[in-house]
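Here's a quick briefing to read with the model open beside you.

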Amino acid sequence: MSEHSVRHARWEHLTTDELYDIVRLRNRVFALEQRVSAEDFDGRDREPDTEHWWSTTGEGSIVGYLRLVRPADAEPHPEGTDAPTRVVGRVATRADHRGRGIAGGLVAAVLDRHGHEPFVLHAQQYVAALYERHGFVRFGAPYDEAGIAHVGMYRPGS
């Protein structure tokens with residue numbers, strides 16, 4: 001991922017161009033490619049603790065993204081573990097940049113900053129191995145979300 005750089009910001013610090021590129025990437029991946037019909041904009045993007053993380057090319061084009069939010073009160077996690085303080089979501093990589101470690105680089109950057117905290121995420125089952133490489137473990141039974149098989153994943157704080 002050496003030709004890519006990782007940036008992050010909260011809502012109020014995103015530029016109009018960054019927000020546009022993030023929305024465009026999320027739309028391409030979730031609506032156009034995966035045909036997810038559920039509303040992408042759930043109000044969580046603008047919450048004060050939400051962090052937007054993205055990877056850019058040398059020219060500044062956004063090619064990968066993830067969103068870090070605070071968990072809901074009843075956020076599922078494995079029994080006997082600490083409740084998560086962060087939830088990774090909306091992970092997306094532009095189609096022509098997949099297989100280059102962009103999503104993994106974003107996850108690594110997030111964990112470098114917040115790895116002392118317990119995390120949960122809801123992974124599309126076919127990419128769960130990506131998160132396992134970063135210390136996440138599967139929990140619970142697989143489930144369907146927006147027509148795509150998902151699995152809960154948890155990572156304790158370090």
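This is a predicted model: local features need pLDDT of at least 70, side-chain atom pairs count only at pLDDT 80 or more; totals for chains, interfaces and linings use all residues.

Numbering starts from 1 along each chain as its sequence is written, and side-chain values use heavy atoms, with hydrogens and water left out.

**The largest pocket**

- Pockets and cavities are found on a 1 Å grid over the protein atoms alone: a cavity is a set of points where a 1.4 Å probe fits but cannot get out, a pocket is an open set with protein on both sides within 12 Å along at least five of seven lines, and lining residues have an atom within 4 Å of a point.
- Grid points are joined across faces, edges and corners, and a volume is the space filled by probe spheres set on the points.
- The largest pocket holds about 1200 Å³ of space.
- It is lined by 47 residues, and those closest to its centre are Phe30, Gly89, Arg90, Val91 and Gln124.
- Helices (H or I, at least four residues) and strands (E, at least two) are DSSP runs, numbered from the N terminus.
- At least two lining residues come from each of helix H1 (16–33), strand E3 (62–69), strand E4 (86–93), helix H2 (102–114), strand E5 (119–124), helix H3 (128–132) and strand E7 (148–155).

**The cavity**

- There is 1 cavity of 30 Å³ or more in the structure.
- The largest cavity comes out at about 40 Å³.
- Its lining is made of Trp11, Leu14, Leu19, Ile22, Val23, Arg26, Phe41, Asp45 and His52.
- H1 gives the largest share of that lining, with 4 residues.
- By class, the cavity lining has 6 nonpolar, 1 polar and 2 charged residues.

**The sheet**

- Two strands pair if DSSP finds at least two bridges between them.
- An open sheet of 7 strands runs in the order E1-E2-E3-E4-E5-E7-E6, with mixed pairing.
- Strand E1 (5–9) and strand E6 (137–145) sit at the edges with a single partner strand each, so one side of each has no neighbour in the sheet.
- From one strand to the next, the twist averages 25° (axes are lines fitted to C-alpha atoms, for helices over the stretch in contact, and angles run from 0 to 180 degrees between N-to-C directions).
- H1 lies across E1, E2, E3 and E4, and runs at about 90° to E3 (contact means heavy atoms within 4.5 Å).

**Strand E5 and its partners**

- What encloses E5? The rest of the structure largely does, because 5 of the 6 residues of E5 are buried (buried means under 20% relative accessible area, exposed over 50%, partly exposed in between, with a 1.4 Å probe and protein chains only).
- E4 and E5 run parallel and are joined by 3 bridges, with Arg86 taking Phe119 in E5 as its bridge partner.
- E5 and E7 run antiparallel and are joined by 6 bridges, and here Phe119 stands opposite Arg155 in E7.

**Residues to click on**

- Arg90, in strand E4, has a positive phi of about 55° although it is not a glycine. It is partly exposed, at 23% relative accessible area.
- Arg35 also isn't a glycine, and its phi is positive, near 55°. This residue is in the loop between H1 and strand E2 (51–56) and is exposed, at 64%.
- His97 is in the loop between E4 and H2, yet it is buried, at 8%. Leaving aside neighbours within four places in sequence, His97 is in contact with His4, Thr57, Val63 and Ile102.
- Ala149, in strand E7, is partly exposed, at 38%. Not counting residues up to four places away in sequence, Ala149 touches Ala123, Gln124, Gln125 and Tyr143.

How values were computed. Ala, Val, Leu, Ile, Met, Phe, Trp, Tyr, Cys and Pro count as nonpolar, Asp, Glu, Lys and Arg as charged, and the others, Gly among them, as polar.
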